[in-house]
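Work through the exercises below with the structure open. Try each task before reading its solution.

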Amino acid sequence: MNKHLPYRDWIFAEEPLAEDSRRRLNLHMDQCAECRATAEGWRLAKQNLENAEFAEPREGFAARWKALARSRMRAPKRRQAWALLAANSLGAVAAAAALAFQTSARGLSLAGVFARDMTAAASILNDWTDASQAIGGVFRIVSDSIPPAAYLFAVLFLSLAGILCALIAVRIRSRGRK
Amino acid sequence: VVEIQKEWLLAARKGDVDAFGQVVEAFQRPVFNLCYRMLGNREDAEDAAQESFWRAYKGLNKYDERRSFGTWMLSIAAHHCIDRLRRKRPVILSLESLLPEQDAPDRRPGPETQTYRKQQQEEVQQLLQVLGWEERSMIVMRYWHDMSYEEIAHALRVSVGAVKSRLHRARKTLAGHWPVGRLSSTQTGGAYE
């Protein structure tokens with residue numbers, strides 16, 4: 001059996017000891033140098049822990065934290081911008097590679113491929129202009145055949161329907177919150 | 001006792017950095033002190049304290065308002081410091097290197113006393129390094145921040161029994177390592193009170 005028990009527990013106890021325990025501990029310590037040294041060591045260590053001051057941070061700690069927080073919050077946006085730039089650069093490199101491949105595979109010069117593609121682009125633009133003119137013609141025929149009063153009625157009807165929908169949406173949302 | 005206004009936390013939850021800056025202002029001292037006592041140097045303590053506040057800011061939604069904000073904050077700081085120490089390689093210090101070579105000076109007021117006190121603080125700081133990470137955090141919470149066993153248990157997510165037994169072990173270690181042989185005559189001896 002450990003001869004230092006329960007004295008070691010009493011030495012480190014935080015609550016004040018009962019009279020009898022204190023007397024027994026003092027009697028034991030009179031005879032036990034080891035426990036005496038432990039008690040003294042703890043008494044001094046505790047005294048120093050209790051007297052130890054708070055370590056203070058350098059001046060401007062909170063300001064430094066705010067700067068850190070703001071820079072960390074900006075970081076995702078910066079990352080996003082870099083990712084976009086990288087994607088664009090990759091796209092440009094891929095397009096250049098495709099153009100180079102096309103040029104070399106067909107034995108064409110770069111200027112020849114460019115001229116051919118420009119002609120194709122002009123032709124697409126021309127077709128698009130024709131198509132938009134045709135669509136515009138259809139709209140003109142429809143608008144000429146509808147009387148102005150019907151236009152006015154349609155505009156008023158659609159505005160009222162829009163306001164009604166907005167009111168219903170607000171009401172549903174406020175009920176959901178309750 | 002550090003107190004904060006609820007409005008600061010409400011605004012910080014909505015992303016107001018300045019509002020949380022007020023919280024940082026209020027808690028910088030205890031959090032920095034814990035980090036310093038845990039890590040042993042001011043540079044690491046500064047980094048760890050800043051990071052702890054950042055983690056708290058990002059995790060504000062997890063804070064339970066029924067509990068003390070200080071305990072929650074110190075819990076984050078203690079866990080962060082323990083993580084940092086785990087990542088570091090352990091440093092083995094010889095006990096001789098922890099203790100100053102000179103005798104304790106007189107308790108005279110003035111610069112000498114201030115130097116003595118500073119030296120004593122350094123000794124305490126170095127002595128803490130002989131404890132394990134968890135024991136160290138418990139000692140700091142108990143003796144610097146006056147936290148109860150229950151608060152320490154909650155902060156470190158361990159049982160109250162574990163706190164009591166580890167603190168007991170820590171006290172034993174500190175008692176064994178304190179330089180009893182270097183005491184001045186006024187500090188030694190006496191019956192147990």
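**Exercise 1: A pair across two chains**

In this predicted model, the side chains of B:Arg29 and A:Glu56 form a salt bridge, with N and O 2.6 Å apart. Find how many salt bridges the rule gives across the interface of chain A and chain B.

Solution. Start with the cut-off: a side-chain nitrogen of Lys or Arg must lie within 4 Å of a carboxyl oxygen of Asp or Glu. Applied across the interface of chain A and chain B, the rule finds seven salt bridges. Over all chains, the structure holds 18.

**Exercise 2: Placing B:Asp18 and A:Arg70**

Explain why the salt bridge between B:Asp18 and A:Arg70 joins two chains.

Solution. First, check the distance: the closest N and O atoms of B:Asp18 and A:Arg70 are 2.9 Å apart. Next, locate both residues: B:Asp18 lies in helix H2 (residues 17–39) of chain B and A:Arg70 in helix H4 of chain A, so the pair joins two chains. B:Asp18 is partly exposed at 39%, and A:Arg70 is partly exposed at 34%.

**Exercise 3: Buried or exposed?**

Decide whether B:Glu51 is buried or exposed.

Solution. B:Glu51 forms a salt bridge with A:Arg72, and their closest N and O atoms are 2.9 Å apart. This pair also crosses between chains, from helix H4 of chain A to helix H3 (residues 42–58) of chain B. The relative accessible area of B:Glu51 is 16%. Buried means under 20%, so B:Glu51 is buried.

**Exercise 4: A pair in chain B**

Solution. The side chains of B:Arg66 and B:Asp64 meet in a salt bridge, at 3.0 Å from N to O.

**Exercise 5: The interface as a whole**

Describe the side of chain A that touches chain B.

Solution. Count the residues: 43 of chain A are in contact with 47 of chain B. Then take the area: about 4200 Å² is buried between the two chains, and carbon and sulfur atoms give 61% of it. A:Phe54, A:Phe61 and A:Trp65 lose the most area in chain A, together 18% of what that side buries. Polar contacts across the interface involve 16 residue pairs. H3(A) supplies the largest share of the chain A side, 15 residues. By type, that side divides into 22 nonpolar, six polar and 15 charged residues.

Key
Residues are numbered from 1 along each chain as its sequence is written. Chains are lettered from A and ligands numbered from 1 in the order in which they are written. This is a predicted model: local features need pLDDT of at least 70, side-chain atom pairs count only at pLDDT 80 or more; totals for chains, interfaces and linings use all residues. Side-chain values use heavy atoms; hydrogens and water are left out. Contact means heavy atoms within 4.5 Å. Buried area is the accessible area (1.4 Å probe) that two parts lose on being put together, summed over both. A polar contact is a pair of N or O atoms within 3.5 Å; within protein, one must be able to donate a hydrogen and the other to accept it, and residues adjacent in sequence count only if both atoms are side-chain atoms. Helices (H or I, at least four residues) and strands (E, at least two) are DSSP runs, numbered from the N terminus. Ala, Val, Leu, Ile, Met, Phe, Trp, Tyr, Cys and Pro count as nonpolar, Asp, Glu, Lys and Arg as charged, and the others, Gly among them, as polar. Buried means under 20% relative accessible area, exposed over 50%, partly exposed in between (1.4 Å probe, protein chains only).
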